[in-house]
Amino acid sequence: MGRAFVYVILGGGVAAGYAALEFTKRGISRGELCIISEESVPPYERPALSKGFLLPEAPARLPSFHTCVGANEERLTAKWYKEHGVELVLGTRVKSVDVRRKTLLTGSGETISYKILIIATGARALKLEEFGVKGSDSENVCYLRDLADANRLVNLMESSSGGNAIVIGGGYIGMECAASLVISRMNVTMVFPEEHCMARLFTPKIASFYEEFYKSKGVKFVKGTILSSFDIDSDGKVTAVNLRDGSSLPADMVVVGIGIRPNTSLFEGQLTLEKGGIKVNGNMQSSNSSVYAVGDVATFPVKVFGESRRLEHVDSARKSARHAVTAIMERQQVDEFDYLPFFYSRVFTLSWQFYGDNVGDVVHFGDFSGGTFGAYWVKKGQLVGSFLEGGTKEEYEAIAKATKLKPEVEDLAELERQGLRFAVTVSQEPPPSSPPPRDVISSGIVLERPIYAFHATAGVVVAASIAAFAYWYGRKRRRW
C-alpha cells in the first residue's frame, strides 16, 4: 500500500513550515502536498528552543511558536494544515529514498511517491561518541536539537535547580543555553577548546565583551581544553566532567553543543554532495531535476561571496524554502536565489545581528563598555561583513543594506572614525542611475546612444514631411 502526492517535503523543521505556507499562497490544490516528519508535532520555530522555551518564567510553549510566527506571518497549527488540505505524516521515519523512481519508503513499510521532492531534513547534533567520549546516554547529559531534547533539558534544569551545570561548547547553543541556565539560578561553567566564545564568527574583541557580560551574571569559562571523560555513578548519572588539561568539574547536569552534521545519508550516491550538504543551483534544485534541497542541508550559490556555501541558520532555512517553492511553481520566471547571510542572537538584555562574511581586515567601532558597538570586515577594498550589538531596527537595516551593496572602502582609519554612520550614510544614498542605452554593432564596438528631446521632435517633423510629400505625389500621379 502507498500514497501519491504531487509535492512531498521530507523533514518537519522550520523550512518545511515556510515551504508549506508558500505552496498554499501559490494556490496548490487540496491533497497535493505532504510533509513527512519524525517529530510528532507540526513544524515550529526551532530558535525558540534555546531561548524562550528554557526560561523559568512565562516560558514559550507550543502552539505559540509554530511556523511561521518567526517572520510575523500565520501560525500554522495542525488545524491550519487540515483546513488547507496539506497532509501531515508525523512521527514517521523514512528509511530509504529512490530518487530515480521518485519514491520514499517509511519505517512502517509504506511507500510514498512524489513528482517533486523538497529535502528539508536539516541536521543532527554531533554526539560525544564521535569524538571518542562515552556517556551521551547518561541520565543527566542532554543535547538540544528538537522539542523532545528541549523538554528533557527543562526537566533536568528543574530537578537540578541550584546545582552545577556544565556546558560543553562555546557556539550558538552553548551561549544561549548558558544564559538560560544561569537565569534559572544554576551554577554554569562553559568549556570549549577555542581561545574565545563564538570563534567562528566573533573577533577576540567582540568575544571579550560577551564573555565579561556572562561573567557578570555568574557564568565561568574554561577555555583551551576539551572534555575527556565523565565520572558516572551507579544510577547512570554524571557526577563530574574530566577535562584534558587534568582538571575536573563537579556536575549535576551537562549540556552538549559541539556542532551539527547535515542529514544527507538518504541521498548519498544518488545526488551530488558538496561541502557537507546537497549541492543545489540558484533555484535550490539538486542534480536531479525533481529534487530540491533547502535549509541546513543545502549547499547553494551565495552570490555575494561568489561561491557555494552551506549555511546553518533559521533565516537561510526560511528564505531558501520560499525560494524553492517559487522556483517550482514559476519555473523559468524566477531569478536565482540572491541571499545575504544573516545571523543573530538575543540573550539577557543583549541583541546582535551579523550580515555578510567575516573575512579580510576587521574594523571595530562604537562603545564596547556597554553601549552600541560593532565591526566591519573589508576585503579587497570592499565592505563584505557587518556586525552590530544594541542597534535599533533602522540601524540593523542600514548595516544589512550597506553590506549588500559592498561599497568601496579606501581608508580603514576613516571607516573606524565614521563607525555606524558609514553604514547609515551608504544605505541612504540613492541607487546609481542606469547607464544610457547602447547600440552594439557587429565589430564589437559599443556605441552610446544619446537621447535628446529635439531628436524626437525632428523625427516627427521629418516623418510628417515625408507623409505630406507622399500624399501630394500620389495625387499628382493619378492626374498623370
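What percentage of the 480 residues of the chain count as buried? In this predicted model, the figure comes out at 49%. As for how the chain folds back on itself, take the contacts with a separation of 6 or more: residues 24 or more positions apart account for 60% of them.

Arg185 sits in the loop between α4 and β12. Is Arg185 buried or exposed? With a relative accessible area of 66%, Arg185 is exposed, because anything over 50% goes in that class. Lys102 is another non-glycine with a positive phi, here about 60°. Its place is the loop between β5 (94-98) and β6 (103-106), and at 29% relative accessibility Lys102 counts as partly exposed.

Pro56, in the loop between β3 (33-36) and α2 (78-83), is 125 residues from Leu181 in sequence, yet the two C-alpha atoms are 9.1 Å apart in space. Leaving aside neighbours within four places in sequence, Pro56 is in contact with Ile183 and Ser184. Pro56 itself is partly exposed, at a relative accessible area of 48%.

One runs from Leu62 to Pro63, with omega near 10°; Pro63 lies in the loop between β3 and α2. The other runs from Thr67 to Cys68, with omega near 15°, and Cys68 is found in that loop too.

Now for a helix pair. Two packed helices are described by the angle between their axes and the distance between the axes. For α1 (residues 14-25) and α6 (residues 314-330), the angle is about 35° and the axes are 8 Å apart. The crossing of α1 past α6 is right-handed. On the α1 side, the residues involved are Val14, Ala15, Tyr18, Ala19, Glu22 and Phe23. They meet Val314, Ala317, Arg318, Ala321, Arg322, Val325, Thr326, Ile328 and Met329 in α6. By type, this contact divides into 11 nonpolar residues, one polar and three charged. An α-helix has 3.6 residues a turn, so residues three or four places apart point the same way.

Which backbone nitrogen lies 2.8 Å from a polar atom of the side chain of Asn140? It belongs to Val238. Asn140 is found in the loop between β9 (123-125) and β10 (141-142), and counts as buried at 2% relative accessibility, because the cut-off for that class is under 20%. Residues up to four places away in sequence aside, Asn140 touches Arg152, Leu156, Lys237, Val238, Ala251, Asp252, Met253 and Val254.

Ser248, in strand β16 (residues 248-250), is partly exposed, with a relative accessible area of 42%. Its side chain makes a polar contact with the side chain of Asn242, at 3.0 Å. Not counting residues up to four places away in sequence, Ser248 touches Ala240, Val241 and Asn242. Ser248 and Leu227, meanwhile, are 21 residues apart in sequence and 9.5 Å apart in space, C-alpha to C-alpha.

Terms used
Residues numbered from 1 in each chain as written. Predicted model: local features only at pLDDT ≥ 70, side-chain atom pairs only at ≥ 80, totals over all residues. Heavy atoms only, no water. Axes fitted to C-alpha atoms, helices over the stretch in contact; angles between N-to-C directions. Helix = DSSP H or I, 4+ residues; strand = E, 2+ residues; numbered from the N terminus. Left-handed = near helix turned anticlockwise from the far one by under 90°. Contact = heavy atoms within 4.5 Å. Nonpolar A, V, L, I, M, F, W, Y, C, P; charged D, E, K, R; others polar. Buried < 20%, exposed > 50% of the residue type's maximum accessible area, 1.4 Å probe, protein only. Polar contact = N/O pair within 3.5 Å; in protein donor to acceptor, adjacent residues only side chain to side chain.
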